Amino acid sequence: MSISPPEQKIWFNEPVDKVELLWVGMALVWALIMFAMMPLWHLKGSQNMSNEAYRIHPEAYQAKVDDMVAKFTVGEEGKAKTPVVRPPAGSDVYLLARLWEWYPVLELEQGKSYRLHLSSLDWQHGFSVQPANINLQVHPGIDEVVTITPTTSGDFGIICNEYCGIGHHTMLGKIRVVAAK
Amino acid sequence: MVAKPVFRTCGLTGLKIHDEAEKLIKANAVVAIVVLAIGGLMGLLVALTRWPSVHLLPADLFYLALTAHGIDILIVWCIFFEVALMYFASAILLGSRLAAPKMGWVAFALMVLGAAITNWKVLEGNSSVMMTSYVPMQADPLFYVGLILFAVGALIACFIFLGTLVVAKEEKTYEGSIPLVTFGALVACIIAVYTIASGAIILIPTFLWSIGLISHIDPLMYKVVWWGMGHSSQQINVAAHIAVWYAIAAILFGAKPLSEKVSRMAYLTYVFFLQIASAHHLLVEPGLSSSYKIFNTSYGMYLAVLGSMIHGLTVPGCIEAAQRKKGFNKGLFEWLRKAPWGNPVFSGMFLSLIMFGFLGGISGVTMGVEQINIMIHNTIYVPGHFHGTVAVGTTLAFMAITYFLVPALWQREIIMPGLAKLQPYLFGLGMGVFSLFMMGAGTLGVSRRHWDMAFSDAPHAFSHPPAAYLMMGIVGVSAVIAVIGGALFVVVIVGSVLFGKPIKATAPAPAPSPVASYGSEQHASVPGTFTLALLFLTVFVLYYFVNWKYLASTWLMS
């Protein structure tokens with residue numbers, strides 16, 4: 001039994017049943033297929049992590065955000081009158097996370113690519129664009145760069161989905177995707 | 001001067017039971033169940049708050065209860081019970097004395113003290129940092145001290161287990177190799193040592209940082225090492241509850257492994273690959289390379305997943321073989337239909353096996369794909385997955401074996417047998433539905449660890465689709481059902497220990513006879529189990545590729 005020592009002292013030499021061997025073989029093939037899928041998607045797929053990130057001081061990041069806001073603000077929105085920024089397609093776009101807001105509101109064009117930068121000024125935050133359902137982790141001190149191409153238009157919420165203290169559930173930002181001109 | 005160890009022979013199983021080992025098993029199991037009750041209550045409060053139309057607690061208490069629920073259930077309950085299981089699988093199954101019982105009490109005291117300190121700090125309200133306590137968010141220094149003390153205690157318990165294996169070998173209390181269940185406990189113990197070492201490496205500096213002796217802890221480094229503890233601690237659970245499955249198959253059916261070699265090799269893949277995983281929590285993290293993530297999240301080319309899929313065949317397979325030897329040979333599934341579904345030891349174990357595979361297993365592998373994780377990370381899909389592993393897998397299996405441990409160790413009959421019969425179904429199926437619908441809501445983007453899915457106080461407006469609200473409502477209802485099942489467990493077990501009819505120590509019954517001598521090509525074939533395994537693989541493959549398809553429909557990222 002499984003709760004007593006094996007009956008055969010040399011159990012290693014016991015022959016294994018065909019059904020067990022067959023299952024081990026099938027499971028192994030499936031394991032290798034699953035393993036191949038990840039590198040394959042890096043080659044052929046269009047949704048991948050960028051692997052591009054830099055160490056940055058929070059103040060230096062803040063300066064880049066302020067610079068972009070000063071150049072490209074087209075309005076303001078929401079209870080906190082957050083600036084709405086419309087950066088040119090293909091440019092570097094800086095989104096900032098801090099307790100407890102996403103700053104600023106971004107206006108992007110559908111089908112255009114942007115180099116989106118993400119970083120936090122304080123604790124960790126979670127960048128969760130809904131309902132597109134894209135979720136990325138945001139760290140203080142790391143400038144993460146993702147080339148992103150919105151394929152659907154409308155207003156998207158940026159939920160913070162990394163717990164960041166008592167105001168966590170009020171941390172909601174916005175991305176507006178408009179049809180290309 | 002060491003007192004001579006005292007033994008008794010178990011009237012139920014014929015096992016030789018060391019007095020000191022028995023006391024330590026009882027003490028650890030009792031504390032485990034008390035913590036399960038506290039952690040379960042916290043879980044109820046969390047679920048009632050996330051149920052949109054109830055929304056019970058205010059935000060601060062919600063985050064507090066969630067922190068306590070995570071620590072008490074994921075760490076304290078599981079590890080206390082696992083210490084009891086390690087002592088059982090070594091001293092009792094090998095008929096040996098427990099090595100260093102006095103150190104066993106030291107370990108026990110440290111674990112109780114540590115758990116109490118951490119709980120006290122969390123309940124005080126200044127350490128609502130979640131189980132993960134990600135820096136730079138800071139908890140009270142004693143929060144970390146409690147966890148460190150608990151870990152030191154658990155580490156001592158691991159070494160007592162290892163010491164007992166040495167003692168049993170030295171004193172020749174058994175012949176040949178250790179039983180498969182003990183081997184499983186050994187695997188759990190090896191993973192536990194690795195887990196605790198990772199915990200020490202990260203929590204000690206974090207404690208020093210919290211009292212101002214270290215100026216900075218890098219948040220990314222913290223996560224990489226912390227998850228060496230956080231994820232691996234759940235692998236202790238997997239190794240332990242699979243050992244429990246094998247143990248129950250042997251206790252109830254006299255089942256022996258289809259093949260010692262295959263089952264032990266499957267366990268060995270855990271030692272090599274299962275515990276490397278920590279990148280599951282870091283797949284969408286900046287600053288880590290994809291090649292590291294891919295190797296790590298796949299447990300080394302999914303070889304540990306292969307191990308689990310093997311157990312998925314061999315555990316029900318050994319039951320089928322034993323049942324067929326007894327004559328339940330009709331069709332594919334007579335062996336399963338005629339199994340003792342009214343016995344909570346069996347029903348709990350089998351529900352745990354099925355749901356761990358279909359809910360926890362498939363979802364875990366799928367969400368652990370580097371790219372698919374982009375759609376899953378930190379949504380409520382994640383707790384959906386791990387309630388499919390830790391709640392319906394580990395906790396339910398531990399509940400099932402408790403129904404055996406009470407008559408065997410406390411020598412008491414189970415009270416309220418009718419309720420005991422119902423209990424695994426209420427808890428198991430409640431938790432199963434709960435887990436499934438959390439995953440559904442997560443797919444719709446609902447966030448985990450979040451007090452307000454309506455975002456009423458946010459600067460902008462955003463609303464989740466009505467289906468997400470409906471699913472979170474179902475999550476609330478099924479949580480209540482599961483908690484009723486969990487509370488029944490606590491009531492029945494505590495009641496049985498205190499008021500159960502004593503089982504008279506009759507002449508030792510013969511140990512359940514192992515079913516003939518299969519284990520090689522002579523064993524009965526297992527077509528029913530193979531059919532179940534094929535069904536499992538089909539569901540797995542379909543679900544896996546559906547998720548790739550869903551990923552392909554979202555925004556482009558590179």
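Start by selecting domain 1 and domain 2 of chain A: their centres, taken over C-alpha atoms, are separated by 42 Å. What you have open is a predicted model. The domain assignment puts residues 11-44 of chain A in domain 1 and residues 52-178 in domain 2.

Stay in chain A and select residues 21-41. The unreviewed UniProt entry annotates this span as "transmembrane region".

Next, show both chains and go to the contact between them. Chain A puts 79 residues into this contact, and chain B puts in 88 residues. To see where the chain A side comes from, colour helix H1 (18-44) and the strands S8 (125-130), S9 (134-138), S10 (142-149), S11 (154-160) and S12 (172-178) of chain A; each of these elements supplies at least two residues that touch chain B. Which element gives the most to the side of chain A that touches chain B? H1(A) does, with 17 residues. Colour that side by residue class and you will find 40 nonpolar, 29 polar and ten charged residues.

For one bridge, select A:Thr149 and B:Leu556: the latter is the bridge partner of A:Thr149 in S3(B).

Hide chain A and move on to chain B. Select residues 7-178 for domain 1 of chain B, then 380-454 and 462-502 together for domain 2 of chain B. The C-alpha centres of these two domains of chain B lie 19 Å apart.

Where they meet, 28 residues of domain 1 of chain B are in contact with 22 residues of domain 2 of chain B. On the domain 1 side, pick out helix H1 (19-50) and helix H2 (59-92) of chain B, the elements that give two or more residues to the side touching domain 2 of chain B. H1(B) gives the most to this side, with 14 residues. How do the residues of this side of domain 1 of chain B divide into nonpolar, polar and charged? There are 20 nonpolar, five polar and three charged residues on the side of domain 1 of chain B that touches domain 2 of chain B.

Note on methods: Residues are numbered from 1 along each chain as its sequence is written. Chains are lettered from A and ligands numbered from 1 in the order in which they are written. This is a predicted model: local features need pLDDT of at least 70, side-chain atom pairs count only at pLDDT 80 or more; totals for chains, interfaces and linings use all residues. Two residues are in contact if their C-beta atoms, placed from the backbone, lie within 7 Å. Helices (H or I, at least four residues) and strands (E, at least two) are DSSP runs, numbered from the N terminus. Ala, Val, Leu, Ile, Met, Phe, Trp, Tyr, Cys and Pro count as nonpolar, Asp, Glu, Lys and Arg as charged, and the others, Gly among them, as polar. Two strands pair if DSSP finds at least two bridges between them. Domain bounds come from an automatic or database domain assignment. UniProt positions are given in the numbering used here, feature names are shortened, and annotations may be inferred rather than shown by experiment.
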